[in-house]
Amino acid sequence: MSQNYHQMWSELGLNLDAHDALLEVLGKGYGDIFLTQKNRPEGMQYFDFVMSEVHGLRIKELLDEKVQGRKIIGSYCVFVPEEIVLAANATLIGLCSGADFAVEDVEQLLPRNTCSLIKSSFGFKLGKVCPYLESADMIVGENTCDGKKKAYETLNKLVSNLYVMDLPQVKSAQGRALLKAEYYRFKDAVEQLTGKNITVDSFKAGIKTVNEKRKAIHRLSRLRKANPAPISGLDALLANQVFFYDNPQRFADSVNKICDELEKRIEQKQGVFPDNAPRILISGCPMAVPNWKLPWIVETSGAVIVGEESCVGERGTRNLIDDSGNSVDQLMEAIIDRYFKVDCAIFTPNPDRLNHIEEMVKAYNADGVIHYGLQFCQPYIMESYPVEKALERKNIPILRLETDYSMEDVGQLKTRVEAFVEQLG
Ligand code: BJ8
């Protein structure tokens with residue numbers, strides 16, 4: 001950290017020793033994985049800076065916003081609409097975490113066979129190491145997979161400001177009606193928290209802001225279709241991860257700046273990997289900071305990742321919102337239309353996701369797919385079987401992997417990934 005933030009962290013109630021230890025591991029991991037890459041776009045320096053200040057300057061900005069009367073809302077899922085939060089003059093930040101922490105304490109509250117993503121969120125709370133969680137005025141949980149649904153019952157005893165959003169599991173008229181009712185209930189809760197009524201103008205402004213950051217990420221994704229790949233999958237994943245907690249306008253500007261640079265690289269046929277490097281699409285569970293294990297293994301095995309069919313990736317950012325409505329209700333309908341298309345594996349049946357994976361393979365010219373399932377994640381691991389069958393029918397090579405946040409299986413994973421890459425090559 002470029003400044004000393006100990007007082008700020010201490011006022012937030014963090015455990016300073018544990019937090020220092022976490023930052024050290026994070027900084028070292030980041031340095032080893034990201035800063036050793038060759039020929040990175042210069043624009044990635046912004047993201048290096050963001051990561052170096054992830055618990056520093058960004059938290060200070062959020063606390064300064066709070067002093068000005070703005071509320072901070074934390075969320076664990078891409079179904080929580082940032083547009084509603086911004087329209088009520090609040091800030092949304094992602095809370096999912098990608099590292100094991102305080103595992104023994106967590107396993108006093110949750111079964112061992114819970115996915116790493118849920119355990120990690122609990123570990124960050126119990127270990128008192130997440131300044132985002134401690135800054136939030138409202139924490140939004142959602143009824144998605146069984147693990148999360150039940151875990152929020154326990155989290156409710158650890159925090160005083162949990163709000164749980166119910167979500168549909170079926171893409172039916174009733175499912176859409178439930179999403180609509182829940183988004184209106186959420187709008188009321190956010191308005192009550194902030195004391196601000198959402199108006200047509202504030203709603204349009206919120207939609208525009210989020211559309212702009214999604215547009216920037218769409219532009220980055222399109223540029224990854226080029227061969228040779230102008231940016232590594234690791235760097236593109238990092239941009240998708242920062243999407244969840246950076247200032248939205250600054251984020252969009254920074255991604256667009258990288259895109260300007262990548263367009264020049266593409267013109268000059270300049271890439272980060274040779275043009276014969278096998279191109280991989282990753283599909284499956286979301287990867288939250290600092291979960292870079294699998295992408296690092298893939299990209300140090302001679303392949304390049306060209307897309308992520310993931311909530312930290314295209315599943316989460318796909319589709320813009322129509323902002324032409326003239327009433328709050330019309331704009332709300334447009335928001336529901338967009339979010340109801342998110343094809344999370346909690347939906348049954350979920351044919352859209354299979355179609356999207358195939359579309360992405362074609363669009364990004366991927367040579368193969370790695371299906372990434374977090375251990376004990378039933379929705380995605382169950383779906384990995386039909387995904388495998390569907391891709392095999394189209395002669396698209398697929399490797400199904402299950403892992404967690406630990407580093408114990410790195411050697412074994414690397415052996416399997418290298419064999420897959422060799423098969424593609
Ligand atoms: S919309 S993917 S962000 S729920 S990995 S906790 S599914 S057991 S994260 Fe998700 Fe929203 Fe869906 Fe996206 Fe459960 Fe699986 Fe764990 Fe998961």
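This is a predicted model: local features need pLDDT of at least 70, side-chain atom pairs count only at pLDDT 80 or more; totals for chains, interfaces and linings use all residues.

Visitor: What is the order of the strands in the open sheet?

Guide: Reading a sheet begins with asking which strands pair with which, and in what direction. Here four strands form an open sheet in the order β2-β1-β3-β4, and the pairing is parallel. At the edges stand β2 (90–94) and β4 (162–166), each of which pairs on one side only. On average, neighbouring strands of this sheet are turned by 30° against each other, with direction ignored.

Visitor: How many bridges join strand β1 and strand β3?

Guide: Three bridges link β1 (residues 71–75) to β3 (residues 138–143) in the parallel sense, and Ser-75 has Val-140 in β3 as its bridge partner. Helix α4 (residues 57–67) lies across β1 and β2, and runs at about 150° to β2.

Visitor: Which helices do the buried residues of α16 pack against?

Guide: A residue counts as buried when its relative accessible area is under 20%. In α16 the buried residues include Val-328, Leu-331, Met-332, Ile-335 and Arg-338, and the buried residues of this helix pack against α5 (82–87), α10 (173–194), α11 (200–223) and α15 (314–317).

Visitor: Which residues touch the most other members of the largest nonpolar core?

Guide: Among the 130 residues of that core, they are Phe-47, Phe-79, Tyr-183, Phe-186, Trp-292 and Ile-370. Helix α16 (residues 328–339) supplies the largest share of this core, seven residues. Apart from it lies another core, of 17 residues, including Phe-273 and Met-360. Leaving aside neighbours within four places in sequence, Ile-370 is in contact with several residues, among them Ile-280, Leu-294, Leu-401 and Phe-420.

Visitor: How many disulfides does a search of the whole structure find?

Guide: A disulfide needs two cysteine sulfur atoms within 2.5 Å, and the search finds zero of them. Cys-130 is in no disulfide, and the nearest cysteine sulfur, that of Cys-96, is 11 Å away.

Visitor: Is Cys-130 buried or exposed?

Guide: Cys-130 is buried, because its relative accessible area is 8%, and Cys-344, at 11% relative accessibility, also counts as buried.

Methods: Residues are numbered from 1 along each chain as its sequence is written. Side-chain values use heavy atoms; hydrogens and water are left out. A nonpolar core is a set of buried Ala, Val, Leu, Ile, Met, Phe, Trp, Tyr and Cys residues joined through side-chain atoms within 4.5 Å. Buried means under 20% relative accessible area, exposed over 50%, partly exposed in between (1.4 Å probe, protein chains only). Helices (H or I, at least four residues) and strands (E, at least two) are DSSP runs, numbered from the N terminus. Contact means heavy atoms within 4.5 Å. Two strands pair if DSSP finds at least two bridges between them. Axes are lines fitted to C-alpha atoms, for helices over the stretch in contact, and angles run from 0 to 180 degrees between N-to-C directions.
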